[in-house]
Each structure stands twice: as structure tokens, then as C-alpha cells.
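Subject: Structure for your review

Dear colleague,

Please find below the structure that I am handing over to you. My notes on what was found in it follow directly after.

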Amino acid sequence: MILSLVEEIIGLLCYILSYTHPELISERNGVAAYIFSFITLLLITMSIAVLVGIENTIYSNQKKKIEKQNKEIEDLVASQNRFFSSMSHEIRTPINTIIGLNEMILREDISDDIAEDAINIRSAGKMLLNTINDILDMSKFQAGDMKLLVETYKTGDMMSDLVGMLWLRAKEKNLEFHVNVSPDIPSELRGDEVRIKQILMNILNNAIKYTKEGSVSLSVQCEKKEDGIVNMIYSVEDTGMGIKKEDIPYLFTAFKRVDEGNTKHIEGTGLGLSIVKQFLDLMGGKVTVNSVYTKGSTFIVEIPQKAATDQVIGEYNYNKGSKLGRRSGYKHRFEAPEAKLLVVDDNDSNLLVVTKLLRDTKIKVDTAKNGYEALKLTQDNPYNLIFMDHLMPEMDGIECFRAIRNQAGGMNCDTRIVILTANAGEENRSLYAKEGFNGYLVKPVTGNDLEDEVYRQLPKNLINIVGDSSIDEDTVSWIKENERKKRIVITAEASSDIPKALCQKYDIRTFTQRVRTKEGSFIEGEEIDTQGLLRYMENPENTAKVEYPTVEEYERFFAKQLLSANNIVHIATTSSEENSAYKVAKEAADSFDNVTVIDSRNFSTGQGIAALMACRMAEAGMTVNDIEEKMKRLVSTVRATYMIENMTFLARDGSVNATYAGVLNSLMLHPVTTVKDGSITLKGMMMGSQKRVWRKYIDFTFRGYKPDSTVVFISYAGLAKKDLDWIRAEVEKHHKFKATFLVETSPSVAASFGPGSFGISFVFIKRL
């Protein structure tokens, strides 16, 4: 820019000089003019070359400087994450000892004063863990690595656990602590229970910290939406110091504390509310704040969740249930005197904690301080269960796990091994699942957690239930489902539009994608459905696009499925399409020895039919290699076509030119596509009345093909039942199928094709 400015100034001076002193300007004719013209051209060319060279040098130097700075930032972030992860591990290890041995104190016949002190220790330990989680989570947010773990959880248990951790803090400050939970809340929800609990704990903990006298109240309600979605509303109200109006915008800023003059004496990291906001953004929720300075504050948190059951939580007095002034009497729930357990950990205190917490179950416990000691014991001693630490010197837990599994002449090659580690986080859970561990426990671990895991893992003939037999009811369903892994599980994308009845019949697991709108990102089938998306898209200004999955997301999906399967055969969307899920899934599968990805050469219900064929092969006892080889041949026999009502939606997502789409729409032309050689191909345009066009399209689909009579899929978007009945009747005029499935397309497909569109997919025996 500077050089260009200099050049402009020199040119301007030349013009001024020629105007004010014309006598200095002389004209050249003939050969001299050409020579001067050439010299001028040469000088200009050289000047431009020099300027470009200088600018390139400046740009190159600047680029190298920026790249160096980015590398330093990346190294700093990586170093910070390693530090936080290491800190989390190192702090969790001694806390495991504190909480574990403290639990042993609570089990003894002790005085009420000692019991109350022990309960205070337990509460403080849990609050310290929450602070550690906040710091670790902030580093994940900064690195862009934070992911949610969506699972089914019991609403009542979560609330009881939350209240149990915080009522004591309120009691220490002589505050009243009220809980009001609406009885119409679903008893089970699907979401990230740990993160939701963390959100509420941070807000409640703040309310208690900033309230000197009066009360803190938690109210929980829900608003029922469509398709099983409920909007959970958590209100936290306090009578504390309140927040100045001008400070409210800064509440959710990390490491910043508002009104520092009045709050500098209050402990805290300044991370809590920042993490609350970031988790809510990740969940599609929101938080609002109402506060009057010196009078108190109300935080209202809204989180959309999927109801996992129609049952409601009912009436329960959480205030009464959470007043744990006295310890609850511990009683072990089972005994296993014939069972043998090996605990491997390099920390003597951790070995002591596990041994003591399982003492009343009468299990025979051996211990090893490192992987080499463990290998010596497993060579000659049969164990029913092994608890394995991860980070150990010389040989870590994963190396030891592999060595035990491949130990020549060893007696524990098939023994169930549970990782017991201070490495928390979903990424670590996926790592251990990928390795093949049979379970995952995070330190600090409670006695109930240990007993539950032992019960789940031990052979049932070694266990004697004592006292309360509810443990059998709580865990037997989990055991039946997971104890015996399936030989082969077939998986596919949710956009394959496989009917739910077939998914249940063949246990097809689907990988859900996200659809991004201007309002945020939503999970297909869980947070957004096809009808809701079509209603949203009625506004011409609204758009929706598929968020293509990452390798890490597929890795977590495969790792989760391998908990209940020995092998996975994944039927992926055609590799011929841009941003194909096949390529990403294939890269993720390279991290596993027992995941095979097959190119369906199709999409939507065409992909679903391919998955159905693979399921039938697996049921017939075929091996993974046999299924892979046969599917390579059979995917070409899937006939899949789609008729689009108009080009409006394709234009809005950028698939076709908007002007071109407008012309076709004005002519009332309906595009017909088919999948050929794995690519979606436009086969032509049809004109006429709706029923006439539909009939011509159905004729086109079946013309020249002899279908297999097993099944036909009719996928649709935004069509009424009477229209679907008419389409089905027309299809059956061409061929009598044993099963005809009407399948509403996934939101991602509907976002491209729009309402009034439908497709037909079937397997053909031969071309006519």
C-alpha cells in the first residue's frame, strides 16, 4: 500500500511538472519515439516487477510471522490443555482417597458429630470436583473440543443428587433452601445429565455464595413441545446482594467478577457462569437474569430435552429427602465370597480404597502396583474381574490390558476388565471403549459405584443378594442387553430413512446428523423433525443445511456401538457425492480393527434398502468379509428415484441456480432424479396436473425393471394421507410387493427436496 501511494505521488508530480513547465516537455518522432516508448515500457515493467517483488516479500514475511504466531498459540493451547488434564488427574487421585476413606468412616458406628464432619468432607470433596470440572471444561471450550454425551437419565435421581450436594452449603450459612419440582415432569429424559447438573450446581452455588441471609429456592417446571420434546425450566431465586443493571451483560464472561468491590472477599474461580452459558449454547438452551441490586436475583435456565418415557416424576419432597443431618446407614446389597478380583494401580491409597469399599461384599481382592506385577498374577491366577488404572509407570493400563488379552498360557485372556481411572471426559470414555474395556469408572469412585459395577460384571452364579434386592431390578435389564455382545451390528446414517419397525426388528443403529438453521444446530429426529422443518421453511428467508459429521463424531459413534457388538458393518451414503459421509466414516473406521464401512452407492431409502440387505446377510450367519464382498455386487441392484415438486428448496440450499429454478417453476416442470453409479442424476422434467405427473413418474420408475418382490420403500415429505394412499395404490399396480413401507424422509433430505416430493426404492432382479 505504501509503495502504491509513492507511485501515485510520483505520477502526480510528473503531471504537475508537465503542466507548469511545458518547455521541459519535448516530443519525439520517428525512431526516437519508438525507442523512448520501449524504454518507458521497460521501466514501467521493471518498476511493477520490483514493486510486486517487494510486496510479495512483505506478504511472505508477514505470512511466516502469522504462521509462527499461530503455531505458538496452538502449542500454548495444547500445553494448557495438557496441564489442565494432568492437573485434573493428579487432583482426582488424592480426592479418591479422601472421599473413599471418608465413606468408610460413615459406614462405622460413630457419633452424630463425627458423622456430620464426615458428611461435610464429602460435600466439600464434591464441590472441589465441580471446580476441577469447570477448569477442565473451559480449556475444552477454548480448544473447540467440548462434546455432549446424550443418554437417558432419571430426573428424580439427578435432582436428589443435586440437592444433596448443595443443601449443606446453605445450612452452613443459615440459609433456607427450598426445592419445588413440578410433578408432571417426565421421570426419564435424554440429555447430558452430568453437564446439566454442572449448570445447575454453578448457578445454585453462586446463589448461596452471594446470599448472606434469607433463602435460596430452586423451582423446576417443563413445557411440553411436539414429538416428545420438553422445555425444562429451572429457576434459581435468592435473597442475596443482587446484581447492578450495568453488570448483567458481563455476568457470563470468563475470569471476570462483577461488582468486585463488594465481592472480592468471596471465593471462586470466576468460571462458573461462563461455562453455564457455553453449555447452554451447546444444548440449544438459554439463561435469563432478573435482579434488583441489594434485593436478590433470579436465574431462569431453559434446556430442551427429549422425554424418554410417558411416566411422570410425581410428588416428592426433595427438601425432606435431602436433609442429611445424619448419615444414612450403609448396608451392602450382595456378597460374592467365591469371586476373585484383581485391582491394578500404582497408588497405594487407591488400592486401599477399593479394597475397603468392597470389604463387606466378601470378594477376594488381590492388588498389583504396576502392569508387570499384574501380568505375573494373571499368568497363573484366574480372576473373575479386573479393575485397571490407566496412567502407570513403565507399563500403562492400556498396554497391560492388551498384554493380558494376548498372554500366552495366561488364565485371564477372557476376563472382564474395567478401567478405573482419574482420566475423566467423553473422549477418554471413547478411547477405552475403542480398546475393548468392559467398563469405565472415574475416580473418585463411591462404594455404590464400585458395587454396582462389580454386580454388573461378575457371573451371576457367584453373587448372593442380601437385604434390599432392588439391585437386581436396577441392573438386570442392563446385563441382559449388554453382557452378550452381538456378533455383527449393522449401522447407517439416520438420513437412510429406514422405518423404525425395521430398525427395531434388525437392531439397526443409526448415526444422527445435525441440521443447521438460523436459529441454531439441531439433531435430526431428536431436536427437529421433518414436519417442523417444513413449517420453518415456509418462510422464504429461512434456510437449512446439513452439518456433515466429523471423523471424531463417527469414532465416538462406533466406539459406543462396540460396547455391545464384536463387529460393525456400516452402510454409508454414496461416496460419489460431495461431502460424502462415506469418506469420513471410512477414515474413522481406520481407528478400529472391527469396523467395516460399505459404500451403499445410494442415499435416503436407497441406502436404507442396502442396510436391510446387509442385516439379512448377518442374520444368515455370513461373515463380515462375505457381507462386504456380496454388498459390493448387490448395491448396484438398488433402484432409487425421486420426484421433486419444484426447484425452490434446491435453489435455497444452493444446489441449483435460483434464476434457473424460477424459470422451471414458472413452467410448472417437476424434476425427476435417479441414482446411477452412485451419483444423483437428473433424468428429466415432467409437466401436467399433479396426479398425471405422479403417474408418469411411477411408470418411469418401474419401466424396464423386474423388481424383487420382498420390499419397496416410498419416502415422502409433506404429503397428506390420501395422497400417500393414492401413490401406494399406483405402485402396487406395477408390482405386488410383500411389504410396502411409507417412510417420511429425514429433515436433511426434506430440506433439499421440499414438501410434495416423494421417492421410490426397491431391489430389482434384472433389467428388461
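Which residues of H23 and H24 meet each other? In this model, which is predicted, Lys 691, Trp 694, Arg 695, Ile 698, Asp 699 and Phe 702 of H23 meet Asp 723, Trp 726, Ile 727, Glu 730, Val 731 and His 734 of H24. By class, this contact of H23 with H24 has six nonpolar, one polar and five charged residues. Helix H23 covers residues 690–702 and helix H24 covers residues 721–734; their axes come within 10 Å and cross at roughly 35°. The crossing of H23 and H24 is right-handed.

Overall description

The chain has 768 residues, of which 47% count as buried. It holds 25 helices and 27 strands. Among the contacts in the chain with a separation of 6 or more, 75% are between residues 24 or more positions apart.

As to confidence, the average pLDDT of the chain is 79, and 82% of the residues score at least 70. Two stretches call for a separate remark. Over residues 254–270 the pLDDT stays under 50, and the model has 36 contacts beyond four places in sequence for this stretch. Residues 320–327 also have a pLDDT below 50, with 21 contacts in the model beyond near neighbours in sequence.

Further helix pairs

Two other helix pairs were examined. Helix H4 (residues 155–172) packs against helix H5 (residues 193–209) at an angle of about 20°, and their axes are 10 Å apart. Since angles under 35 degrees count as roughly parallel, H4 and H5 are therefore roughly parallel to each other. The crossing of H4 and H5 is right-handed. On the H4 side, the contact is made by Met 158, Asp 161, Leu 162, Met 165, Leu 166, Arg 169 and Ala 170. On the H5 side, the residues are Glu 193, Ile 196, Lys 197, Leu 200, Met 201, Leu 204, Asn 205, Ile 208 and Lys 209. By class, the contact of H4 with H5 has 10 nonpolar, one polar and five charged residues.

Helix H10 (residues 371–380) and helix H11 (residues 397–405) have axes 10 Å apart and pack at an angle of about 20°, which makes H10 roughly parallel to H11. The crossing of H10 and H11 is right-handed. Gly 371, Ala 374, Leu 375 and Thr 378 are the residues of H10 that meet Cys 400, Ala 403 and Ile 404 of H11. The residues of this contact of H10 with H11 divide into five nonpolar, two polar and no charged.

Backbone geometry

Most residues other than glycine have a negative phi, and most peptide bonds are trans.

- The peptide bond from Lys 443 to Pro 444 is cis, with omega near 0°. Pro 444 is located in the loop between strand E13 (439–442) and helix H13 (447–457).
- Asp 507, a residue other than glycine, has a positive phi, near 55°. Asp 507 belongs to the loop between helix H15 (500–506) and strand E16 (509–511), and at 25% relative accessibility it counts as partly exposed.
- Ser 604 likewise has a positive phi, near 50°, in a residue other than glycine. Ser 604 lies in helix H19 (residues 604–619) and is buried, with a relative accessible area of 4%.

Individual residues

Asp 708 is found in strand E25 (residues 705–717). With a relative accessible area of 26%, Asp 708 is partly exposed. Leaving aside residues up to four places away in sequence, Asp 708 touches His 735, Phe 737, Val 763, Phe 764 and Ile 765. Asp 708 and His 735 are 27 residues apart in sequence, and the distance between them from C-alpha to C-alpha is 9.3 Å.

Gln 278 lies in helix H7 (residues 272–283). Its relative accessible area is 24%, and Gln 278 is therefore partly exposed. Gln 278 and Phe 252 are 26 residues apart along the chain, and their C-alpha atoms are separated by 8.8 Å.

With kind regards

Definitions and conventions: Residues numbered from 1 in each chain as written. Predicted model: local features only at pLDDT ≥ 70, side-chain atom pairs only at ≥ 80, totals over all residues. Heavy atoms only, no water. pLDDT = per-residue confidence, 0-100. Contact = heavy atoms within 4.5 Å. Axes fitted to C-alpha atoms, helices over the stretch in contact; angles between N-to-C directions. Helix = DSSP H or I, 4+ residues; strand = E, 2+ residues; numbered from the N terminus. Parallel < 35°, antiparallel > 145°, perpendicular 65-115°, else oblique. Left-handed = near helix turned anticlockwise from the far one by under 90°. Nonpolar A, V, L, I, M, F, W, Y, C, P; charged D, E, K, R; others polar. Buried < 20%, exposed > 50% of the residue type's maximum accessible area, 1.4 Å probe, protein only.
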